[in-house]
Amino acid sequence: MAAATSVPRTSRAADLIPWRGLTAAVLALAVGWGGIVYAANNSVQGAPKKEDGGFDGDAPTAILMEASSGSVLWEKNADELRAPSSMMKLMTVEVVFNALKEGKVALTDEYRISENAWRKGGAPAGGSTMFAVLNSKVPVEDLLKGAIIQSGNDSCIALAEGMAGNERIFAADFMTRRARELGLTKSTFGNSNGLPDPANKMTVRELGKLARHLIVAYPDMYKLFGEREFTWNKIRQQNRNPLLNSLNGADGLKTGYTKEGGYGMVGSAVQNDTRLIVVVNGLEDSDDRASEAKKMLEWGFRNFETRTLFAADQPVGYAKVFGGESRSVKLASPVPVKVMVPKNGSEKLIARIVYSGPVRAPVQAGQPVGVVRVWRGTHVAGETPVFAAESIGTGSTMRRALDGASELVIGMFRASAEKL
C-alpha cells in the first residue's frame, strides 16, 4: 500500500504566514514522494469485485458496513437523500441517549403526553404508537422503550416536547445540531418521528453511521433495540424488527415506512465476533425489505473477514511538525487498525494518513493528530484516529524561522499553481 498525508487547515499563525493553509497539497506530494509517512508498507489482499460490487441487491438505496472499523463492504446510491420514515427515530433516540450521558436528563424524569402527542402519534392517529394515555406522565425510560421497541410516534413527540418545548424546535435545533456534531452533514429533520414531512431527508450512509455510533457509544442503552416486546397501558406489542426472529445474532435496529420513502430498515447482527450493519430504503414491500436486509447481512458474513493492518501502538507513520525540536512526529493508534476485506482474493488496500498540518510544536504524546484512512478501490474501507506517539518540544528560534520560511515558499508556490 502507499501512503499520503495532510489536508488544508486554518492557521493559528495566519498573520505570520498568510499562505499556510495552502501548503497541504504540496506537503502531501512531498510525503508521497519522500516517504515521510510509512503507513502502508503492508499490503492486504482481498477478492476482486464484480462489476456490481459483488452483491446483487434490489433495494434502490443500500449500504453494508462493518461496525468496528466502519468498513463499507457494499453500497448502492448510498448518498441519495430519501425520506427515512421511522428509521429517523434513531436520531431522536440518539439525542436522548446523549442527554442522559451528559446528565441533562434522567431515565426517571417524566414527560406529559400532550394532546398534540396523543392526536398526532397516539391511538387516534392510527399509526405506530405506544398507546400512551392523554395527559399522563411517562418516565423517559418507558418513552424510549416505546420509541425503540414499538416505534411509537407518540413516544417521540413526548420526548421532543419534554426536552425542547415543542417538536419543531427539537427537530430543527436539537436533532440537526447533534447530527452535525456526529458528522451527518446531509440529514435534515422536520419532526421527531419520521411521519411525512418534506424536511425529513437522510441517506443510507448517514443512517449507517448513526447506527454505528449508537452501537459503539451507548452499549448498555443499545440493548433496548434487541428487546422482543414491550407492554404499556396493558397493551403488549412485539418488536417490529423482523430480523430478530429470522437471523442468528440480530439485535437491532429500526424499520420504517411512508408512502414517500417506501419500506426501509436499519439492521445489525453479530456472528463470529463480527458485527455488520445494513441499511436499505425505498423498497415496495415489507417482505422484500426484510429479505433484502437479511440476504445482504448473510452475504457479508459469508464473504468477508477482518484483517489487522497495524497492531495497537504500532507506528503507523509520521506527521510534519512546525517549529519543533524534530521535524516530524511518530503516529500510532492505541487500538488495532482493522478493516474488512473479501476472503481469498487479490484486491489491494491503500492507507493514507490524513491530518491538518504541519502540526505546531510543542506536541504532547497522546495528542490527537488525524486519522489513518483506508481505501478499498474507490471506497473508504475504514478510518481510525491516530495520535502522537511521542512528545516533541519547541525548537530553537532558528528552527522556527527556517520552518516559517519553508512554509512561506510552499504557500507562494501553491498560490501560483492555483492561478494557472
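**Entry 1: the largest pocket**

I looked up which element gives the largest share of the lining of the largest pocket, and it is H7, with 7 residues. The model is predicted: I took local features only at pLDDT of at least 70 and side-chain atom pairs only at pLDDT 80 or more, while totals for chains, interfaces and linings use all residues. Residues are numbered from 1 along each chain as its sequence is written, and side-chain values use heavy atoms, with hydrogens and water left out.

I noted the rule for a pocket: on a 1 Å grid over the protein atoms alone, it is an open set of points with protein on both sides within 12 Å along at least five of seven lines, and lining residues have an atom within 4 Å of a point. I read its volume as about 790 Å³; a volume is the space filled by probe spheres set on the points, which are joined across faces, edges and corners. The lining has 30 residues, and Ser69, Gly70, Lys209, Arg212 and Glu383 are the closest to the centre.

I then listed the elements that each supply at least two lining residues: S1 (61-66), S2 (72-76), H7 (204-217), S13 (337-342), S16 (368-376) and S17 (379-388). Helices (H or I, at least four residues) and strands (E, at least two) are DSSP runs, numbered from the N terminus. I sorted the lining into 14 nonpolar, 9 polar and 7 charged residues. Here Ala, Val, Leu, Ile, Met, Phe, Trp, Tyr, Cys and Pro count as nonpolar, Asp, Glu, Lys and Arg as charged, and the others, Gly among them, as polar.

**Entry 2: salt bridges**

I counted 17 salt bridges, each a side-chain nitrogen of Lys or Arg within 4 Å of a carboxyl oxygen of Asp or Glu.

Glutamate 383 is in S17 and arginine 373 in S16, so the pair ties together parts 10 residues apart in sequence. Glutamate 383 is partly exposed at 36% relative accessible area, and arginine 373 is partly exposed at 23%. The classes are buried under 20%, exposed over 50% and partly exposed in between, with a 1.4 Å probe and protein chains only.

I looked next at glutamate 167 and lysine 120, whose salt bridge is 3.4 Å, N to O. This pair links distant parts of the chain, H6 (residues 167-181) and H3 (residues 115-121), with the two residues 47 apart. Is glutamate 167 buried or exposed? Glutamate 167 is buried, at 7%, while lysine 120 is partly exposed, at 42%.

I also noted a network of salt bridges that links Glu75, Asp79 and Arg205.

**Entry 3: a sheet**

I traced an open sheet of 6 strands in the order S14-S16-S17-S12-S11-S15, with mixed pairing. Its edge strands, S14 (349-355) and S15 (359-360), each pair on one side only. Two strands pair if DSSP finds at least two bridges between them. S12 (residues 328-332) and S17 pair in the antiparallel sense over 2 bridges, and leucine 331 has alanine 388 in S17 as its bridge partner.

**Entry 4: the largest nonpolar core**

I found 55 residues in the largest nonpolar core, with Phe97, Leu144 and Phe225 having the most contacts inside it. H2 (89-101) is among the elements that each supply at least two of its residues, and H2 gives the most, 8. Such a core is a set of buried Ala, Val, Leu, Ile, Met, Phe, Trp, Tyr and Cys residues joined through side-chain atoms within 4.5 Å.

Conventions: On a 1 Å grid over the protein atoms alone, a cavity is a set of points where a 1.4 Å probe fits but cannot get out, and a pocket is an open set with protein on both sides within 12 Å along at least five of seven lines; lining residues have an atom within 4 Å of a point.
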